[in-house]
Structures are given as structure tokens and as C-alpha cells.
Amino acid sequence: MSDDATETADDGDASVIVVGGGPAGLSAALFTAKNGLETTVFDTDATWMHKAHLFNYLGIGSVGGTEFMETARQQVDSFGVDRRQGEEVTSVEETEAADGFVVATEAGEYEADYVVLATGANRDIADELGCEFTEEDVVDVDVDMETSVDNVYATGAMVRPEEWQAAIAVGDGAAAALNILSAVKGEHYHDFDVPADAERVFGDAVAE
């Protein structure tokens, strides 16, 4: 269970940059921001979700893809994610000291300790960073979604040749975020909330 869903954990200045704001990217951002890590999302809104209507997402009977994205964005915003809508990432490079990353956009440069790539079928940034690829020409990751480059994670369609599903992408983002949180906190971390957590965060608005 997360220690406190409303308080920022004492994690130093650990920061996460998420490149891509589809289901995978926003899922990763939700988990890291909710648990105290400084989190920035860069999103050009190129997600395929705008072409989708979800019937196969567990717990959701029927929802349009655009409506799903609007709700997801509101959710991450409520937990303090710095969501930079429309700001495109042009490059991601390791710092000279190899202790983090510099993420460049046309607006400037940003530094982070961890990078989560969630750019769908576009794998250019992963390639430029030197991430290893599989024989199927997708980014090679371990079970925690970490690439061959330490502290760089790839999610969703980047790592799968065919299984492009919102539910899978959300799971990939969560797996990456939990691995980052475990690394920052120095122990396996479980973000498991109980009704009391929901009541504390949402008050009378909590779902029954």
C-alpha cells in the first residue's frame, strides 16, 4: 500500500520525464506523481486513442477514446503532473556525467533522473539513445519495461509488434513507474490504496 496518497514522499529530487501522453505515458505519470516524484509529460496528442472506442477495457462498459483521454489527463493533472501539451521532444541524451538525462524540445532543455518513452510505434528516440532492439525491430525491454539503457523505459507499442491495446499500454506504464519507484525508495514498492485512502483524497466524491 502506498504510505500516503496525499503526501509527497521523501525521495530527494528524483524526477521523471515521460515522452508521450497516450495511455502508457499517462499511466506511468500517474503512478510516479501520485507517489511523490517530480513528473513531466510531453505530449503531441498523436495517440491512436482518438480513433478508438473502448469496449474491451476491464471495468469500462463503453467509452470513446477521446473521452477516455480527457479523463486520464484530468486525473494526472490532479496529482500534480507537469503536462506540457503540444511540446514535442526532439532529443533525449544522457548527461555528460551519465547521472541523468537531458530532454530537448523547441522550447528548451529539461533534466531528469528517469525517462519513460511512450511514443507508440515511433521508436526513433529509443534508437538514438542506443536502446537495443529485438529481431522483430521493437525496443527490447525486461519485465519491468526497462531498456538496455539504465533508467530508460519503453512502453506500449514501442515494445510490441502487434499487441497495441489500451489495457496493455496502461499496464506497461504502471510497471515502468513501479520499477522507478522501487529504485528511488530502495525497496520493492506497492501502490495499493484502500477505501480510507480514497476517502482522504476524494472526500464525498469517492465512488461507492
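**Notebook: a parallel sheet and its core**

I began at one strand pair: F42 stands opposite R84 in β5. Helices (H or I, at least four residues) and strands (E, at least two) are DSSP runs here, numbered from the N terminus. The model is predicted: local features need pLDDT of at least 70, side-chain atom pairs count only at pLDDT 80 or more, and totals for chains, interfaces and linings use all residues. I number residues from 1 along each chain as its sequence is written, and side-chain values use heavy atoms, with hydrogens and water left out.

**Entry 1. The sheet**

I looked up the pairing next. Two strands pair if DSSP finds at least two bridges between them. β2 and β5 pair in the parallel sense over 4 bridges. β1 and β2 also run parallel, joined by 5 bridges. In that pair, I17 stands opposite T40 in β2.

**Entry 2. β2 and the crossover**

Is β2 mostly covered or mostly uncovered? β2 (residues 38-43) is mostly covered, with 5 of its 6 residues buried. Buried means under 20% relative accessible area, exposed over 50%, and partly exposed in between (1.4 Å probe, protein chains only). β1, helix α1 (residues 23-34) and β2 make a right-handed β-α-β unit. Right-handed means that, with the strands pointing away from the viewer, the path from the first strand over the helix to the second runs clockwise.

S27 is found in helix α1. I count S27 as buried because its relative accessible area is 7%. Contact means heavy atoms within 4.5 Å. Not counting residues up to four places away in sequence, S27 touches V170, G173 and A174. D13 is found in the segment before β1. D13 counts as exposed because its relative accessibility is 71%.

Strand β9 (residues 114-117) runs parallel to β10, joined by 3 bridges. L117 stands opposite A154 in β10. Beyond four places in sequence, L117 touches V19, I125, A126, L129, V152, Y153, A154, T155 and M158. A nonpolar core is a set of buried Ala, Val, Leu, Ile, Met, Phe, Trp, Tyr and Cys residues joined through side-chain atoms within 4.5 Å. The largest one has 53 residues, and V19, V92, V115, L117 and V152 have the most contacts inside it. Helix α4 (residues 166-185) gives the largest share of this core, 7 residues.

**Entry 3. The record**

Residues 15-50 are 33% helix and 31% strand, with end C-alpha atoms 29 Å apart. Residues 67-170 are 22% helix and 26% strand, with end C-alpha atoms 16 Å apart.
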